[in-house]
Amino acid sequence: MTQIAQLQSDTDEALMLSYGKGCQAAFAELYGRHKGPIYRYVCRQLGAKHQAKAQELFQEIWLRVIDNRASYTVEAKFSTWLYRIAHNLLIDEHRKHTARGEHLALVDEAPNNNDSASPEVLSSNQDNQESELHNDFLQRAIKHCVELLVPQQRDAFLLRHEAGFSASQVCEIVEAKPETVKTRLRYAMSQLRDCLHSKVDASETGGARQA
Amino acid sequence: MSKQFSDDDLIKLYQQNNDAMPPKHIDDAILARAADVVNGENKIFDKKVSGNKDLESKARAQKATKTSNRWWQYSGLAAAIVAVAVLAPWQYYQDPILVSVESAEVPAAMPKAKQAPESAPQIERVEILAEDEQMERIEVTGARLERAAPEQKARAVQAVSPVMYGINLSEPNNELSAKPNGMFKEILAKLENKDEAGAQSALIKLLKEKPEYHDDIPEPLEDLYQALVKNGKIERPDTLSKSDDKLKDKN
């Protein structure tokens, strides 16, 4: 009990150092703290259509953590180091997609897809649970809009609002200047706002048409 | 008219129900991988530790063997050094003594050798008068050694050897010179006891037996001797009488 309590009170860096010395429980605690945000970050980056690829990348991130346990030194926060690994892997993945033209296809086909988050499908259920469904619609709409963002903007947005990093930490992870990151974040918010407006307008138009 | 979304609205909207988690099998796979790596590392570490212990024990055994081998080597070396230390001084110790004896004793022996021809007649005379055979042998031995000295300058150690045996080469000469006095002692004793007749008869007897003692008459007996010569009881040898005449003429 005391060891578990001790591990829970330890910082991420202390846990990683303990794991580097062979403490398996430290890694379990560390994994439990970060598995959700990093998984969502990867999933949002790759999109809902690439769930399997996201899981594969998620595993790859943690395997790199395991492999680098002995060489880990406390130069920055553990989470910064962890997300930098994830960021680099995602960049490699985006490069592969770009080379194959899949990324553009993903972006292009997104507005035309007819999945469950489409305004047309959502608008069909507005009669019974209009307000609840509207909120659900907005949540799925904005997540879809995030997927439609340019990768750099999406990266900055997810690191800032999904993982909870400060602007300076985002700069450190993506290795970009603060002005660049701020610009990306500003454009990301603007894009999301426009995207969400368009979706809401489309749903309203569709509902009116149905009515 | 659609609602205007602020940045906060967008963020809140995004974060609502945003609780997607990795599947359970991925969690298990990652944790198992982490555990395997740590356990494998511990096994490797245990193997290394046991391997190191084996190596240490082997090294100790080798070291012990080397030490025992070295012990014999060291003991042999020490024995050799001791043997050299014990035996070497005999070689180095004799040479300085030979040198010192030559340098110290040769000059001392040389004057004796020079004296040898001079003392030779005395020695021969003493040989004739010798009463004791042992004394005669010692004198002869000393004379021979003295004669040999000039011929054997480099063998001065051998010339010294009689000295080392406690023989004084100068003693025989002293005795030779003292012997006539010894012969006259009895006469002097009688004279001191005022036995002039006994002294005269003893002197006459001695000079008859040893005519060469005419030249060695001691001063206390000189008056008695002259009286006997005047009385005609003693006849001086010719050479001596001639020399006496010369002395008288001078006077």
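**Confidence, fold and interface**

Modeller: In chain A, helix α4(A) has the highest confidence, a mean pLDDT of 91, and helix α6 (residues 102-109) of chain A the lowest, 48. pLDDT is the predictor's confidence in each residue, from 0 to 100. This is a predicted model, where local features need pLDDT of at least 70 and side-chain atom pairs 80 or more, while totals for chains, interfaces and linings use all residues. Residues are numbered from 1 along each chain as its sequence is written, and chains are lettered from A in the order in which they are written.

Biologist: What does chain A average?

Modeller: Its mean pLDDT is 80, and 81% of the residues score at least 70. Over residues 103-117 of chain A, though, pLDDT stays under 50.

Biologist: OK, the fold. How many helices and strands in chain A?

Modeller: Eleven helices and zero strands, going by DSSP runs (H or I, at least four residues, for helices; E, at least two, for strands), numbered from the N terminus.

Biologist: And how many residues of chain A are in contact with chain B?

Modeller: 30, against 27 residues of chain B. Contact means C-beta atoms, placed from the backbone, within 7 Å.

Biologist: Which element of chain A gives the most to that side?

Modeller: α3(A), with nine residues. The elements giving two or more are α3 (24-46), α4 (51-67), α8 (130-147) and α11 (178-210) of chain A.

Biologist: How do the residues on that side divide?

Modeller: 16 nonpolar, eight polar and six charged. Nonpolar covers Ala, Val, Leu, Ile, Met, Phe, Trp, Tyr, Cys and Pro, charged is Asp, Glu, Lys and Arg, and the others, Gly among them, are polar.

Key: Two residues are in contact if their C-beta atoms, placed from the backbone, lie within 7 Å.
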